[in-house]
Amino acid sequence: MANLRELVRRGEFLSGGHRACAGCGSTIIVRQILAAAGKTPVVCACATGCLEVVTTIFPYTAWKVPFIHNAFENAAATISGVEAAYKALKKKGKIAEEIKFIAFGGDGGTYDIGIQALSGAIERGHNMLYVCYNNEAYMNTGIQRSGSTPKGAHTTTSPAGTVIPGKQQSRKDLTEIIAAHDPPYAAQACPSYWNDLVTKVEKALSFNGPTFINILQPCRLGWGYPPEDTIEIGRLAVDTCIWPIYEVENGKYRITHRPKEKKPVIEFLKKQERFRHLFLAENTHFLEEIQREIDIKWERLLACVV
Amino acid sequence: MKIVAKTGNEIMAEAMRQVNPDVVAAYPITPATEVVQLFASFVADGLVDTEFVPAESEHSAMSACIGAASAGGRVMTSTASQGLALMYEVLYIAAGLRLPIVLCEVNRALSSPINIHCDHSDTMGARDSGWIQLFSENSQEAYDNVIQAVKIAEHPEVLLPAMVTTDGFIISHAMERIEILDDNEVKTYLGEYKPKHTLLNIKQPITVGALDLQDYYFEHKRAEIHSMQNVSKVILNVGEEFGKKFGRKYGLFEEYKMEDAEMAIVALGSTAGTAKVACDAVREKGLKAGVFKVRIFRPFAAQEIAESLSRMKVIAVLDRSDSFSSQGGPLFTEIRSALYEAKQRPLTVNYVYGLGGRDINVEQIKEVYSDLKDTVTKNKVESLVNYLGVRE
């Protein structure tokens, strides 16, 4: 368990002055992760997306650790190459340090276009942590739907129209897809529960092998809420169980934060512009459907915990 | 030095074994599969120190190569056809990030229709990606080219990736007599790869692949272009040095019986060998024929090529792919463009041949020489772009 005072003392590895929106969750996530890594040297890779764009506009970089951006769909493949070179050069005695490798991808770069590269890298067993900063749509290109966009959400490619009220499909469960690869560690987290997130990162980095953390990242622009509410919205996602935070360690499930009282999902939905149309009289059946799906998935998760 | 009998694929894998790269990330594809599987066996048998990344696609293979090279490793891979096509996006990134990755490419037609045999459409599709492209007439050249490609790509004035190509099945699966160097000779010749900046230098963190907008992108691309302009000079020096050390000298192109020639056939890869046989045959009948083999397609040594070809009365450019420009194949358009500035310009004619592995034989090339003779007599090109050996 991390101690806030100690975390702060570890230093800042992502400098301020980057171009992220006020209230952006992705840079909060990166700062928590790099603080969690602390003194362990890390090399980071990042998929094309908001995070890469806002932190690396040449000739500036916000990254105080070695960083590589390659393309959109290949952060996992890229970091696997970096890690392979590390192993080769270490074997030859050209590198002395123990280095850890972290890849970042948004949900577009992870759930959709990058899922193949991620699946391959995990199957090959590279020593890496892959982090999906999951803001549930293609935010960098202007809020288009992804495989992670939840049912009912308005995006620019699943707009709330007069006939079709937002995204019709449920999101895929990527954490379970990755867990099915049997990596030593897979988890879901949210920066609103910083201690949980930091602990998970420390744990993931302690394994020798591929690990994965799917981190829900509230996005004030794409989700439509005031920038100061990022942490609050994330907390509601966890407390309504639309985003349970849990881990699968060597196949063993553990819910790392059980809400004292499981709040109704409308508490989470009503605070966001992207769900506003669901509260119109003709769409209320959608709200019931969303709640039902959450209840089923939550029960299923509880059943996994022995 | 040692003499071996090996196929094109076997010898490319052998060259890779001798280079002993830090990382090989690859994915199997016909007709390059053997290169990857032979290399995997070298790894399994402990004959190399390489970390082998058996990627789940060519896109990921090249992406991993980019990661590994950015981390400071000497990196190689191999692919063909659809595999190279799947890499296209990241080929540009490898070049833009100035990573001297060496790729053993076995030329094969692109779908559709699906086909596994030789043509150059795959490699030609990558011609503007910023990669150096070396073509090989036979397995000996393939071997020598792979070793030299590492030297060329890593040259401080170059730092660009390079692909060495062989012709699918024609070279890749044909057994030939090849002279190879000793492992130690290769090791000494190539030396250690010491990149200036790497991701693994924790004390000096760098950002690789930053977002480069209107204010810097152009300058960075210009620098990349500038480096490509240095490549011909480096290739000549490396080819010269290789010749002095190991007895086989290489240039940007090879001129076969061009001294007194009036007509020439220009070709890439294995067809140059077939053309040499045809050339000998038509010379016996009194034709002043020659063969001009282009070794380096990227960069394109326009000035040097034009200088040599402008002495001809007529040339036929043989293209094993089409560019769909309706102006002929990619080699033809490059050659025609190169000749534009020449004081004397030969008549030029294009033959697109051998798509999807359609065989090209000595008789067909002899007919091309015969056509060239008629063209000289008439002093006129009647058909600019011709399709050789196709049923129409």
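A crossover is called right-handed if, with the strands pointing away from the viewer, the path from the first strand over the helix to the second runs clockwise. Keep that in mind for the first close-up of this predicted model.

**View 1. Strand S2 of chain B belongs to a right-handed β-α-β unit.** The unit runs through S2(B), helix H2 (residues 33-44) of chain B and S3(B). S2(B) and strand S3 (residues 51-54) of chain B pair in the parallel sense over four bridges, and here B:Val23 has B:Glu51 as its bridge partner. S2(B) also pairs with strand S4 (residues 75-79) of chain B, again in the parallel sense, over two bridges. In S4(B), look for B:Val75 opposite B:Val23.

**View 2. Strand S2 of chain B (residues 23-26) is covered on both faces.** In a regular strand the side chains alternate between the two faces of the sheet. On one side of S2(B) sit B:Val23 and B:Ala25, on the other B:Val24 and B:Ala26, and all are buried.

**View 3. Chains A and B meet in a contact of 42 residues from chain A and 38 from chain B.** On the chain B side, the elements giving two or more residues are S2, S3, helix H3 (58-70), helix H4 (81-96) and strand S9 (207-208). H3(B) gives the most, with nine residues. This side of chain B divides into 21 nonpolar, 11 polar and six charged residues.

**View 4. Strand S2 of chain A (residues 67-69) runs parallel to S9(B).** Two bridges join these strands, and A:Ile68 stands opposite B:Val208.

**View 5. A:Ile231 lies in helix H10 (residues 230-239) of chain A.** A:Ile231 counts as partly exposed because it has 17 C-beta neighbours inside 10 Å.

Terms used
Residues are numbered from 1 along each chain as its sequence is written. Chains are lettered from A and ligands numbered from 1 in the order in which they are written. This is a predicted model: local features need pLDDT of at least 70, side-chain atom pairs count only at pLDDT 80 or more; totals for chains, interfaces and linings use all residues. A residue is buried if 20 or more other C-beta atoms lie within 10 Å of its own, exposed if 12 or fewer, and partly exposed in between; C-beta atoms are placed from the backbone. Two strands pair if DSSP finds at least two bridges between them. Two residues are in contact if their C-beta atoms, placed from the backbone, lie within 7 Å. Ala, Val, Leu, Ile, Met, Phe, Trp, Tyr, Cys and Pro count as nonpolar, Asp, Glu, Lys and Arg as charged, and the others, Gly among them, as polar.
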